[in-house]
Amino acid sequence: MDEEYDVIVLGTGLKECILSGLLSVDGLKVLHMDRNDYYGGESTSLNLIQLWKRFRGDDKPPAHLGASRDYNVDMIPKFMMANGTLVRVLIHTDVTKYLSFKAVDGSYVFNKGKVHKVPATDMEALKSPLMGLFEKRRARKFFIYVQNYNESDPKTHEGLDLTRVTTKELISKYGLDDNTIDFIGHALALHRDDRYLNEPALDTVKRMKLYAESLARFQGGSPYIYPLYGLGELPQAFARLSAVYGGTYMLNKPECKVEFDMEGKACGVTSEGETAKCKKVVCDPSYLPNKVRKVGKVARAIAIMSHPIPNTDESHSVQVILPQKQLGRKSDMYLFCCSYSHNVAPKGKFIAFVSCEAETDNPELELKPGVDLLGPVDEIFFETYDRYEPVNEPTLDNCFVSTSYDPTTHFESTVMDVLAMYTSITGKTLDLSVDLSAASAAEEY
């Protein structure tokens, strides 16, 4: 412990593990510690016995649910965009060799009380029951504009500067109705609330293009992929990467107290009476509670079921987005379902999550619109957790604190936080211009 490190990383959540991997590849001397005796922190995966212990105390899981070891229940369940930033990070770091992925069956949206498949292309828009005939034609024109849009080719802009035109102004040019705008903004562009309508349209167009490109990669039913055995595999894969490049790991280290010098800069971490010195500390909010502020609360339900979610074409893995306007809320609700097809449950069992930004103190009532879509459940658990973001200035104290996980069921916002932290720590921008099609890992997907 008495060595000096460039960076000490505290907590083995996904964000912290990605960073320790990236920093180790950069040649920095990294020590990674966790007070827990398992990987993953808040984003860990639990077997059935661990899940029961967390939510039901000393009760034992019923035998009819199957073997405990056959379950890998993600505590922060998220799908990856097949063409998204996290996949680029995985390929850039070659972490794909430790993981196997499988496409997710379906992407759906809740509209007027029903679940519909999300149309992502002009051809799908023409078939969708979400819109009437004339609306389909208008939507198709808008999709073609987005598909053809190229930031560096003004000919494709049709005279519009999307850094200035708001999303609302762009969409109104095509005369689309509120329901269509709802699924475009929330189920394709994956905005969490309606603030995007008054922001520059470029971001929404880029998000829609990412969705369509991700969908095209597998010609499947959704733009998402998900690792076999659940997301708990990801922190461990990045931990292996860090170890290959000389990173040191210590689990089950109690307390992990950050030490500061006379100027208030982090200079080491003490655990069990020993101090490891360092230049910088990276951690999740729980390790430096006096440097973060609460920014919200997430409500979620975890359900074990013996069937797929109704009205999703028997999909074994699926995301359903419930836009805020459809529920009379301030932000969206998310439904995530996975099953034995991704090796996260025994044969015939499905695991579903309903999550949202908590707007009341009653998660069961608040999550009801999403839970009602599940059909009969074998078991269901409810909980809330607080979300935090850093308020410190890393240039003054050398502390780099991650933001808590949001309730979305996709990874793009999580990875943006990681990349911003990487730049803040190293002063460099991670080059993610990898050729996804030529990537050696592509066949694993």
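In the predicted model, Asp-406 and Lys-78 form a salt bridge (a side-chain nitrogen of Lys or Arg within 4 Å of a carboxyl oxygen of Asp or Glu), with the closest N and O atoms 2.9 Å apart. Asp-406 lies in the loop between strand 19 (399–401) and helix 14 (412–426), and Lys-78 in the loop between strand 4 (73–74) and strand 5 (80–81), so the pair ties together parts 328 residues apart in sequence. Helices (H or I, at least four residues) and strands (E, at least two) are DSSP runs, numbered from the N terminus. Asp-406 is buried at 8% relative accessible area, and Lys-78 is buried at 0% (buried, under 20%; exposed, over 50%; partly exposed, in between; 1.4 Å probe, protein chains only).

Glu-357, in strand 17, forms a salt bridge with Arg-192, the closest N and O atoms being 3.3 Å apart. Glu-357 is buried at 12%, whereas Arg-192 is partly exposed at 30%. Salt bridges that share partners join Lys-78, Arg-192, Glu-357, Arg-387 and Asp-406 into one network. The whole structure holds 28 salt bridges.

Strand 17 gives the largest share of the lining of the largest cavity, 3 residues.

Residues are numbered from 1 along each chain as its sequence is written, and side-chain values use heavy atoms, with hydrogens and water left out. Because the model is predicted, local features need pLDDT of at least 70 and side-chain atom pairs count only at pLDDT 80 or more, while totals for chains, interfaces and linings use all residues.
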